[in-house]
Amino acid sequence: MDRNRILELAADMTLEEKAMQMTQLSPDMLYHLSPSNLTGPLREWKFDDKQLWETGSVLGPSGAAYLRKLQEDYLKTSRQKIPLLFMSDVIHGYVTIMPIPLAQGCTFDPGLCEEAAAVVAAESAAAGLHVTFSPMADLVRDPRWGRVMESCGEDPCLNGRMAAAMVRGYQGENPGDKGRIAACVKHFAAYGQPEGGREYNTVDMSRGVLRDFYLPAYREAIRAGAALVMTSFNTVERIPATCSKLLLRRILRQEWGFEGVVISDYAAVEELMNHSVAADALEAGEKCIHAGMDIEMMSGVYAGTLKALLEQGRITEEEIDECVIRILELKNRLGLFENPWKDADEQEEKELLYCQKHLDTARRAARESMVLLKNQGALPLGEAGKVGLAGPFACTGNLLGGWHCEGRPENTRSLGEALQEKLGDRLVTAMTEPFAWGGERDVPDGAEEAALGLKDCEICIVAAGEPEWETGEASSKTNLRLSRNQEKLIHALHAAGKRVVLVLFSGRPLEIGPVLEDCDAVLQAWFPGSAGADAVADILCGSYNPSGHLSMSFPRSVGQIPVYYNYYNTGRPAEAKADSYVTGYRDCPNSPLFPFGYGLSYTDFVCEGLKISWAGDLLKASVRVRNTGKRSGGTVVQLYIRDVSASVVRPVKELRDFRKVFLEPDEEMQVEFSITEDMLSFYDEQEKWGWEPGEFDIMTGLDSEQVETRRIFVPAGAGREA
Ligand code: GLC
């Protein structure tokens, strides 16, 4: 449909129709299903039937048959036959569940991430969905916050590359194409830094920190073409993001040129009153309209106030039309006017959902996302001897992680099943009772039973971690240790002389310092998704050599949080002098237990011989990486840059590029990185983007701590001439 037709449609709409087009409700509401589905503010709003069936989009429906019927019922009543938009939280899988995004970040493989997102899109589209509320591009540094699982970690470059890859995977060339869905990048902005890691808490940071760390990944998703942006619950500079003109008008639309749809998070419009920036619903509606916030999710402020705001001259018809036209243009971009059902197809669903091809992708993504944190010769498992398996994640399908959409733990293979297939009767299990959903926050004490039951096993795998229902939204925690009986199990097996292999299932870095010494090996498996158990078994038994590198630092203790690699140096850096008047703690080193970018392998790699030269846009960095071990494997060559002195403080290092390489034994590769002016640039005190002449440290390595450094002076005017 051409734009003129869109404008005509908008012009023909009544104000009530426009207000409902700008409102997103639950489909249950349209069918008058139990009001218990309504949470919070929706109970207060009294939508009449006409309003319900004029809402422009619905949240969370799924299934081709259901969505075809819903669209048919909707169009029967729609005066202008404007199709309904179906949006849902398909965060890391629809039925075939991929590893959680924090794990996908550890692959350092945007291509694989894009492939995984394309699988997610294909399944979602066949099930009739149009939009997914993904990627979540919030930068995260605080594992007390449960939603770190949805992010690709603590680094702006990695987060941005992965967010862009997901957008490409979901949308392809055009989200209206078959098997594609529109991406909604969220939560704009900086939701990932709630004070104290406490969910929904205040976010407050300088403009410079917002620019340096928290905005870049959203921008990368917009540059990749994300069709929607979701505003975050939190404030930015004391203004809720949902009505922030700084974020929504100046940065998103003016600076970044975003022309798509902005949708609020769940009831965030009405929550302006809780934030105490709106005395009533009228003021909440007025502020969001002035900020250009198009769709109100699951509250009724727009429906209840736009008419009055217009009559009182507090908003204009043009502001309303601006929002409505963007929504109609999104529906048009998805081809819904020509085909309101898009790809909803029950036969396709049967063929695509959970098909082997998709499970194969999930298995590759899971294998590449796991990080070997420690290995003192325990892995890979030997060819003979009994292998013990214990712990709450040994025999459960609860490996999918939060937001697992239509994925079913009951249909998900357990680690026990996957290991049984590879080890046969070598496998002996004990104390495998899983966490009881919503029950005790620990498992029964079975340490003695396990030590007895596994007495014939020289090596014991302990499948431990945090219950998946303790991760994701509304899941902040102050204690990140393994539960007491899980720690007791590890200590008991170690005390019984067993070699302990800890396999960690979690949605965040946990505080594993208390058990690390008693473990001969530690594999961070995250919540690895539908094929996660097979991926763990592939790694433990050696058919896959782990290649994951951490997307987020592991703290030594919760008291150390936030701990991250790209910190500002301070005036008293810890290395400055050997007395206590430097930045630090009396009882803990400043460094994390395991740093960003870290990951071990079953082989060894050397990264050396860094050379810097003038070339291309500006500079070229070249470094040699070699597999010095006895088996093939993958690693991640990382390029960091430090601006040694500038008009504002700069991080001690910033990831600017990375390359995942797979090498045979004795194979070596020369890895080259182009260093552009953008890579040296930052927002200065006047928020002007650019770089400043001076010395820069160029660093390469296989994690953020062990790096080789070359210092180079970059004079004014360089780059344009070179
Ligand atoms: C939730 C989340 C958001 C999600 C939305 C719709 O509260 O904050 O990430 O997309 O509501 O479910």
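A64 is located in helix 5 (residues 64–77), where helices are DSSP runs of H or I with at least four residues, strands are DSSP runs of E with at least two, and both are numbered from the N terminus. The model is predicted: local features need pLDDT of at least 70, side-chain atom pairs count only at pLDDT 80 or more, and totals for chains, interfaces and linings use all residues. Residues are numbered from 1 along each chain as its sequence is written, and side-chain values use heavy atoms, with hydrogens and water left out.

With a relative accessibility of 0%, A64 counts as buried; buried means under 20% relative accessible area, exposed over 50%, and partly exposed in between (1.4 Å probe, protein chains only). A separation of 8.3 Å is found between the C-alpha atoms of A64 and D343, which are 279 residues apart along the chain. Not counting residues up to four places away in sequence, A64 touches A126, A127, A344, D345, E346 and E349, contact being defined as heavy atoms within 4.5 Å.

A side-chain N or O atom of D89 is 2.5 Å from an oxygen atom of the ligand. For D265, a polar side-chain atom lies 2.6 Å from a ligand oxygen atom, and for E473 the distance from a side-chain N or O atom to an oxygen atom of the ligand is 3.0 Å. Of the 310 Å² of accessible area that the ligand has on its own, the protein covers 93% (Shrake-Rupley method, 1.4 Å probe).

In helix 17 (residues 415–423), the buried residues are L415, G416, A418, L419 and L423. Viewed down the helix axis, the buried residues of helix 17 fall within an arc of 165°, so they line one face of the helix; the arc is that of the directions from the helix axis to the C-beta atoms. These buried residues pack against strand 12 (387–390), strand 13 (427–429), strand 14 (459–465), strand 15 (499–505) and helix 21 (532–540). G424, with a positive phi near 60°, follows helix 17.

The loop between strand 14 and helix 19 (484–495) contains E470, which counts as buried at 12% relative accessibility. The side chains of E470 and K477 make a polar contact at 2.6 Å, a polar contact being a pair of N or O atoms within 3.5 Å; within protein, one must be able to donate a hydrogen and the other to accept it, and residues adjacent in sequence count only if both atoms are side-chain atoms. Leaving aside neighbours within four places in sequence, E470 is in contact with R441, S475, K477 and R508. A474 also lies in the loop between strand 14 and helix 19. A474 is exposed, with a relative accessible area of 55%, and has a positive phi near 60° although it is a residue other than glycine.

The peptide bond from L379 to P380 is cis, with omega near -5°, and P380 lies in the loop between strand 11 (371–375) and strand 12.
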